[in-house]
Amino acid sequence: MSDIKQASIAAFELLLSGDQTIWEIISLSFSVSLSAIAIASPLALILAFFLAFFQFPLRRALIALFNTFMSVPAVVIGLTLYLLLSRSGPLGELKLLFTDKAMIIGQILLSFPLLVAMAHAAFQAADRRAWETAITLGAKPWRAFFTLMFEVRFGLIAAVVAGFGRVIAEIGCSMMVGGNILHATRNIPTAIALETSKGEFAQGIALGVVLLIMSLSLNAGISLFQGKGELRT
Amino acid sequence: MSGLIDYQGIKISLSGKLILDIDHLAVKAHQCTLVTGQNGSGKTTLFKIMSGLLRPDSIQVDYQGLQMSWKQAKPLLQRDIIYLHQQPYLFDASVADNVAYGLYRRGESKNSVQKKVCQALDWANLSHLAQRHAKQLSGGEKQRVALTRARILAPSLLLLDEPTASMDNEAKQQTAHLLQRLKEEGVCVVISSHESHTVDHLADHHLCIEHGKITVIEPVKKSAKVAVLNHAKNTL
C-alpha cells in the first residue's frame with residue numbers, strides 16, 4: 001500500500017515538475033491521435049451520411065462490415081499494418097514502419113469503422129425533413145449536408161469523441177507499428193506498459209492520470225454541450 | 001390564365017407497386033389548386049416530385065417554355081418551387097434565423113437579409129417571436145413561420161401539404177388567413193387537404209387523386225366558394 005502511495009506522490013511530482021520526457025510522451029500521444037481523428041472524421045462523416053440517406057448496391061453489406069470492424073482488436077490492425085509496412089511487405093519502400101506516421105495510419109484504421117458506425121446511427125436518427133427542407137429552400141447538396149450535420153451535432157460529436165477515446169488509449173497497434181521508441185514513437189499507453197513491466201510505477205501512474213483527466217474533461221464537455229441543447233428543445 | 005408549369009407522364013413505383021400514374025398535370029400561374037384524396041393516395045409523393053425532391057421513374061416537365069427531362073428540370077424545380085411538409089421542419093435555431101436560411105443560401109448580404117426578415121415577420125405578425133427558439137413554437141406558429149420562410153423567397157410555386165392538419169381552430173384560422181394573403185399577392189399555390197371548409201374557399205381549381213391517378217379536375221364555382229366560406233366562418 002505504501003508503495004502505491006509513494007508511486008502516486010512521485011507521479012504527481014513528475015507531472016508538476018514538467019518532466020521533459022513525460023510531457024514529450026503526452027504531446028506525441030495527443031498529436032498522433034488528434035491527427036488520426038482529424039483525417040478520419042471528414043471521410044467517415046460523409047460516408048455515414050451516404051449510408052444513411054441514399055440507397056445503393058452493397059449498402060447493407062457496407063454497414064455490416066463497418067459494424068464488424070468496430071470490434072476488431074487493435075493488435076490485429078497493428079499486425080496487418082506491420083505486415084504491409086515491414087521491409088518485405090508491399091508498402092515497405094515507404095519506410096513508414098516505427099514512425100509516428102505509421103501510428104497515425106494505424107489509428108485512422110482503428111477509429112474509422114467506429115466513426116462511420118456511430119455517425120451513421122446519428123444520421124439515421126435525423127429527421128429526413130431537415131434535408132428536404134434545406135434543399136427546397138435552395139441549399140446546394142453540400143450546404144444541406146452541413147445543415148443536417150448541425151441538426152445532429154450531438155450524435156456526431158459523441159461519435160468523434162468515442163473515436164478519439166478509442167485511439168488515445170489503444171496499445172496494440174501503436175506498439176506494433178510504432179515500436180515504442182523513446183523521443184520518437186513512445187505514446188502514453190506504450191509508455192505505461194513499458195514502465196509497469198520494469199516496475200517503475202510512478203511514470204505509469206502519472207500517464208494514467210493524464211488519460212483519466214482527459215476522459216473526464218471530454219465527458220464533462222459533452223454533458224455540458226448536450227445539456228445546453230436539451231434546454232433549447 | 002397562362003400556364004406556369006406542365007408535368008407529363010409522371011410515374012413512380014415503390015417496391016414494385018405503382019404509386020403514381022399521372023398523364024398530365026398543369027399548374028396555372030397565380031392560381032390556387034386544391035388537391036384532395038385519401039391518406040396514401042399519393043398526394044405527398046406527387047408534391048415531392050413536383051418540387052424536385054423525389055425522382056420519379058419517368059416524367060417530362062414543360063417549364064419556362066422548355067421541354068425538359070428530370071435531370072434538366074430537377075435543379076430548376078428545387079430552385080423555384082418550395083414544398084412545405086405537413087408538419088414543417090424548423091431548424092434548430094431562432095425563428096429569425098429560420099426565416100433567413102433561404103436568403104443566405106442565395107448569397108444575399110447580412111444587411112439585406114436582416115431587413116427582409118424583419119419585413120417578412122412583420123407581414124406574418126410574428127415579430128414578437130423573432131428571437132424565440134423555433135423548436136419551442138406551437139404547431140400553428142411553426143406552420144406560419146414556415147409559410148413566412150417560404151414567402152420571403154418569392155417562389156414560383158408553393159406546395160403545401162395539409163397545412164392545417166392537427167391544428168386547433170384558432171391556429172387554422174390564422175394559417176388560412178396567411179394563405180388568403182399569399183393568394184392575394186398572386187403567389188401560385190397548390191394545397192393538399194382532406195379537411196374541407198378550412199382552405200377550400202381559396203381554391204380556383206379542384207383536383208382529386210385516387211390510387212395514384214387524377215380522377216377529377218374542375219374549376220371551383222364561386223357560389224360553392226361562398227358557401228364554404230360561410231360554413232368556415234360559422235365553424236370558426
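In this predicted model, 16 residues of chain A are in contact with 18 residues of chain B, two residues being in contact if their C-beta atoms, placed from the backbone, lie within 7 Å. On the side of chain A that touches chain B, the elements giving two or more residues are α6 (128–136) and α7 (141–151) of chain A; helices (H or I, at least four residues) and strands (E, at least two) are DSSP runs, numbered from the N terminus. The largest share of that side, six residues, belongs to α6(A). By type, the side of chain A that touches chain B comprises five nonpolar, five polar and six charged residues. Here Ala, Val, Leu, Ile, Met, Phe, Trp, Tyr, Cys and Pro count as nonpolar, Asp, Glu, Lys and Arg as charged, and the others, Gly among them, as polar.

Residues are numbered from 1 along each chain as its sequence is written, and chains are lettered from A in the order in which they are written. Because the model is predicted, local features need pLDDT of at least 70 and side-chain atom pairs count only at pLDDT 80 or more, whereas totals for chains, interfaces and linings use all residues.

The largest nonpolar core has 127 residues, and A:Leu115, A:Ala119 and B:Leu159 have the most contacts inside it. Such a core is a set of buried Ala, Val, Leu, Ile, Met, Phe, Trp, Tyr and Cys residues joined through C-beta atoms within 7 Å. Helix α5 (residues 100–125) of chain A gives the most to this core, with 16 residues. Among the residues that B:Leu159 touches, not counting those up to four places away in sequence, are B:Phe47, B:Ile81 and B:Val190.

The axes of helix α4 (residues 74–85) of chain A and α5(A) come within 10 Å and cross at roughly 135 degrees. The residues of this contact divide into eight nonpolar, two polar and no charged.

Two residues other than glycine have a positive phi, as tabulated below. A residue is buried if 20 or more other C-beta atoms lie within 10 Å of its own, exposed if 12 or fewer, and partly exposed in between.

Conventions
Axes are lines fitted to C-alpha atoms, for helices over the stretch in contact, and angles run from 0 to 180 degrees between N-to-C directions.
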